[in-house]
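Open the model in your viewer and keep the selection tool ready.

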Amino acid sequence: LQVKAAILGSQRAMEQLGLRLPIITHVTVETTGTMLLGSEIGAALTALEPLGIDMIGLNCATGPAEMSEHLRHLSKYSTLPVSVMPNAGLPQLGPTA
């Protein structure tokens, strides 16, 4: 719901200004396999794709390995270009001095 509000607000602002810029929308999927509120990537795609965005993607809650299945889903089902911005990896605790 937050990203939908951001998209709609951006579109309204651009309309008022007579401007059109690309809207690139990323969501974050946690290590649990869902977004913070429990939504899955398929639900995000279903909700966001019809809003007239220009690109959909995933960003940095996890590393590349944890994003691969979600990216595969977007690549298969999205009619939009897909973007991904993973972390370099997940933090690992090590010995302290």
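**Stop one: the cavity**

The largest cavity holds about 40 Å³ of space. You are looking at a predicted model. By the rule used here, one cavity of 30 Å³ or more is counted.

Which residues line the largest cavity? Select Val 29, Glu 30, Leu 58, Asn 59, Thr 62, Glu 66, Met 67 and His 70. Three of the lining residues are nonpolar, three are polar and two are charged.

Now select helix 3, residues 64–77. This helix gives the most to the lining of the largest cavity, with three residues.

Move on to the largest pocket. Its volume is about 530 Å³. Of the 17 residues that line the largest pocket, the closest to its centre are Leu 1, Gln 2, Val 3, Met 35 and Leu 37. Select those five and centre your view on them.

**Stop three: what builds the pocket lining**

Next, select helix 1 (2–17), strand 1 (24–27) and helix 2 (41–48). Each supplies at least two residues of the lining of the largest pocket. Which element gives the largest share? Helix 2 does, with four residues.

Finish by colouring the pocket lining by class. Ten residues there are nonpolar, five are polar and two are charged.

Conventions: Residues numbered from 1 in each chain as written. Predicted model: local features only at pLDDT ≥ 70, side-chain atom pairs only at ≥ 80, totals over all residues. Heavy atoms only, no water. 1 Å grid on protein atoms, 1.4 Å probe; cavity = no way out; pocket = protein on both sides within 12 Å on 5 of 7 lines; lining within 4 Å. Points joined across faces, edges and corners; volume = space filled by probe spheres on them. Nonpolar A, V, L, I, M, F, W, Y, C, P; charged D, E, K, R; others polar.
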